[in-house]
Amino acid sequence: MNRSICFVSLNAYHLLAETQLSFIGGAELQQVLIGRELANRGYSVSFITLDHGQGPVTKVGNLEVIATYKPSDGIPVIRFFFPRLLKIWQALNKSKADIYYVRCAGFILAVVVAWARLKNKKVIYCGANDPDFKPKELELKYHRDKVMFFWGLKRCSAIVVQNLHQKETLQKNFMRDSVIIHNGMEKKAEIPKGKETILWVANIKPAKAPEIFIDLAMQMPNEKFVMIGGKVDGHEDLYEFVSTESAKLPNLDFKGFQPLEKTEQEFRRAKLHVNTSLHEGFPNSFLQAWRQGIPVISFLDPDQLIARNSLGRVARDKNEMLEMLKTIANHEEKINSNSIKKFFDENLTIEKQVDKYEELFESLMNFDG
């Protein structure tokens with residue numbers, strides 16, 4: 001097998017280069033982590049990204065980066081075809097991988113699949129959120145993008161999902177099989193001491209329901225709450241609402257966007273992590289918490305990992321979440337931090353997940369068809 005893979009991830013450059021970060025997407029973070037681990041294992045790894053002036057083909061460490069178009073280039077409507085589609089196609093022509101990896105719903109999956117079918121290459125699509133596989137719930141700005149995405153989804157070589165619900169939904173709606181591979185992160189050496197805050201980490205958009213966390217902080221004035229989240233295009237009003245309402249509460253510190261190292265410092269101080277999302281695939285913030293032994297309080301429980309492995313608590317609604325927070329914060333209920341970290345170390349490291357990706361790569365390259 002030719003050990004080469006290309007991640008088509010237009011928004012990954014700043015994360016790869018660790019420069020000018022103002023937003024971190026979970027999908028981009030996972031692709032960078034997977035790509036770096038594969039490169040460490042001897043794979044030839046490349047990324048196709050937007051053009052931020054870095055040059056047509058550059059190196060970031062041991063990863064190759066191929067530029068496409070600048071976000072500001074072109075005339076509205078026309079720019080979808082030129083320069084965007086043209087530049088993506090040209091970048092694919094510059095790449096030398098045998099397997100191409102696309103994550104998150106969008107038109108680009110169709111472009112990569114169409115190109116790969118001409119070149120006899122393999123394409124893996126990895127789902128991000130549960131609505132990716134629900135035609136009536138998937139939200140994309142343009143109907144064109146939705147049609148293109150579903151065309152590509154039906155024709156890509158393999159599909160990775162993040163939980164059993166996604167696997168069942170994909171099978172029901174598209175008659176496609178899939179492989180479950182959870183997100184992963186690097187292992188932490190130890191559980192930090194001196195934990196004191198209740199932490200929320202997500203980008204500020206409606207599906208993350210940040211207003212629920214603000215309400216929880218309002219009802220627990222004796223606890224320290226910390227909120228981290230970047231501004232998302234199209235949801236600026238919600239960001240301003242969160243900023244304004246947070247400022248009214250002396251026990252809630254809204255920090256806005258924070259780079260990874262700053263977010264990591266906040267996890268080191270946290271005794272609980274709260275997730276209020278309405279739907280997710282497999283949140284990276286769960287991994288950031290569990291690798292430090294921090295229990296997660298959430299409405300969502302992918303594959304019942306939280307409930308089955310005592311990794312926190314699952315709430316049915318806001319009132320139940322509030323009672324859970326009070327009980328744990330007041331030490332009326334004890335959750336074993338060491339067992340949480342042990343579960344993460346044995347099951348959810350990036351190394352464990354890349355082992356599964358390697359099995360998938362091997363099966364694709366050995367498949368004649």
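The model is a predicted one, in which local features need pLDDT of at least 70 and side-chain atom pairs count only at pLDDT 80 or more, whereas totals for chains, interfaces and linings use all residues. Residues are numbered from 1 along each chain as its sequence is written, and side-chain values use heavy atoms, with hydrogens and water left out.

Asp-215 is one of the buried residues of α7, and the others are Pro-210, Ile-212, Phe-213, Ile-214, Leu-216 and Ala-217; helix α7 is thus mostly covered, with seven of its 10 residues buried. Helices (H or I, at least four residues) and strands (E, at least two) are DSSP runs, numbered from the N terminus. The cover over the buried residues of α7 includes the strands β9 (197-201), β10 (224-228), β11 (252-254) and β12 (270-275), together with the helices α8 (236-247) and α12.

## Salt bridges

Side chains of opposite charge can pair when their charged atoms come close. The structure holds 25 salt bridges, a salt bridge being a side-chain nitrogen of Lys or Arg within 4 Å of a carboxyl oxygen of Asp or Glu. In one of them Lys-318 pairs with Asp-215, and the closest N and O atoms are 2.9 Å apart. This pair links distant parts of the chain, since Lys-318 sits in helix α12 (residues 318-329) and Asp-215 in helix α7 (residues 210-219), 103 residues apart. Lys-318, with a relative accessible area of 32%, is partly exposed.

Glu-358 and Arg-41 form another salt bridge, with 2.6 Å between the closest N and O atoms. Because Glu-358 lies in helix α14 (residues 350-365) and Arg-41 in the loop between α2 (26-40) and β2 (44-49), the pair ties together parts that are 317 residues apart in sequence. Glu-358 is partly exposed at 21% relative accessibility, and Arg-41 is partly exposed at 22%. A further salt bridge joins the side chains of Glu-245 and Lys-248 at 3.0 Å, N to O; here Glu-245 is partly exposed at 21% relative accessibility, whereas Lys-248 is exposed, with a relative accessible area of 54%.

## The chain as a whole

The protein chain has 14 helices and 14 strands. Its radius of gyration is 21 Å, close to the 21 Å that the globule rule gives for 369 residues, so the chain is as compact as a globular protein of that length; the radius is taken over C-alpha atoms, and the rule is 2.2 Å times the number of residues to the power 0.38. The C-alpha atoms fill a box of roughly 60 × 45 × 40 Å, taken along the principal axes.

Of the 369 residues of the protein chain, 55% count as buried. Contact means heavy atoms within 4.5 Å, and among contacts between residues at least 6 apart in sequence, 64% join residues at least 24 apart.

Pro-302 is found in the loop between β13 (296-298) and α11 (305-309), and at 8% relative accessibility it counts as buried. Leaving aside neighbours within four places in sequence, Pro-302 is in contact with Asn-163, Gly-281, Phe-282 and Phe-286. The C-alpha atoms of Pro-302 and His-165 are separated by 8.0 Å, although these residues are 137 residues apart along the chain.

Gln-304 is found in the loop between β13 and α11, and its phi is near 55°, a positive value in a residue other than glycine. Ile-306, placed in helix α11, is buried with a relative accessible area of 1%. Leaving aside neighbours within four places in sequence, the contacts of Ile-306 include Phe-286, Trp-290, Val-296 and Leu-311.

## Backbone features elsewhere

The peptide bond from Phe-82 to Pro-83 is cis, with omega near 15°, and Pro-83 lies in helix α3 (residues 81-94). Cys-104 has a phi near 90°, a positive value in a residue other than glycine; Cys-104 is placed in the loop between β5 (99-103) and α4 (108-119), and at 27% relative accessibility it counts as partly exposed.

Terms used. Buried means under 20% relative accessible area, exposed over 50%, partly exposed in between (1.4 Å probe, protein chains only).
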